[in-house]
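Visitor: I have a structure open and would like to go through it. Can you take my questions as they come?

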Amino acid sequence: MNHPSLAALPLVRRRIGEAEVAATPAIVDDLAALVASHGTAYEWAAQQPQPRALRGRAPVYVAALPASNDLVVVRHAWHGGLLAPLSTDRFRNTRRAEAEYATSVRLRQHAVPTTDVLGFVSYPAGFGCVRVDVVSRLVQDAFDLGMIVAGLVPEIDRDDALAATRTLLLRLAAEGVVHPDLNVKNILVVRASTGHLTAMVIDVDVVRWDAGRTPADTMEANVARLIRSMRKWRRQFGCPLSDDLLEQFARAARAGTDDGARR
């Protein structure tokens, strides 16, 4: 697996008491000042008026940075999977946040649509562990695929959103990018002012590049994971995602890599 060089990325660090801010030059001083005045970036964001509701594993807050007025998303990092009940929000180091930032940069460099991670803040959590807040630029007019297929975003046609998702899957396959946790909540669909839809991949700290995979193999790994997520979403919320529709979606996505191979 190839990793981008973190040393080459424009992370600037500030120590604020026991907290450490690591962010892009444009926001590092602003973020450091907020941590100094509110204790944590997450606490600051939680106190701001929310322009729209966002929710992941825990509440995710949107706020405007005071100096630039740029809208950012601030989320607190939590463990998932088997470690979640034991480790909750404690991490041994900031490696996961570092990886998310670096992967965000690399994906965008390779024209894979994803969110712009701007930095993170870490705080001591005892026993050599840390807690981490991650700061990203807000993507305006974006809704996750789960909301769309559940019929909660009537202004976005489900089939158009699925077509945009297939385009994203083709970009991932072309770059050899596998997302082991690709699910309906980790795909954002964005409507441009022209009406054009773009699908973006998020939560990219677990993304990996596999040079040994063919585009078809990469597509299969991502499609299989996403189809499992869609079926789970259908069971939980009764979404109108028939087996025939899911099979058509998967077949069209796979055909894209087959067409690319023939060309």
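Visitor: What share of the contacts with a separation of 6 or more is between residues 24 or more positions apart?
Guide: In the protein chain that share is 60%; a contact means heavy atoms within 4.5 Å. This is a predicted model, where local features need pLDDT of at least 70, side-chain atom pairs count only at pLDDT 80 or more, and totals for chains, interfaces and linings use all residues. Residues are numbered from 1 along each chain as its sequence is written, and side-chain values use heavy atoms, with hydrogens and water left out.

Visitor: How many helices and strands are there?
Guide: The protein chain has 8 helices and 12 strands. These are DSSP runs, H or I of at least four residues for helices and E of at least two for strands, numbered from the N terminus.

Visitor: Which residues of α1 are buried?
Guide: In helix α1 (residues 28-38) they are Val28, Asp30, Leu31, Ala32, Leu34 and Val35. Buried means under 20% relative accessible area, with a 1.4 Å probe and protein chains only.

Visitor: And what covers them?
Guide: The cover includes β1 (12-16), β2 (19-23), α2 (41-46), β6 (117-124) and β7 (130-137).

Visitor: What follows α1?
Guide: Gly39 does, and its phi is positive, near 95°.

Visitor: New topic. Which residues of α6 meet α7?
Guide: Leu162, Thr165, Leu169, Leu170, Leu172 and Ala173 in α6 do, and among their partners in α7 are Pro215, Met219 and Leu226.

Visitor: How many residues of that contact are nonpolar, polar or charged?
Guide: There are 10 nonpolar, 3 polar and no charged. Ala, Val, Leu, Ile, Met, Phe, Trp, Tyr, Cys and Pro count as nonpolar, Asp, Glu, Lys and Arg as charged, and the others, Gly among them, as polar.

Notes
Buried < 20%, exposed > 50% of the residue type's maximum accessible area, 1.4 Å probe, protein only.
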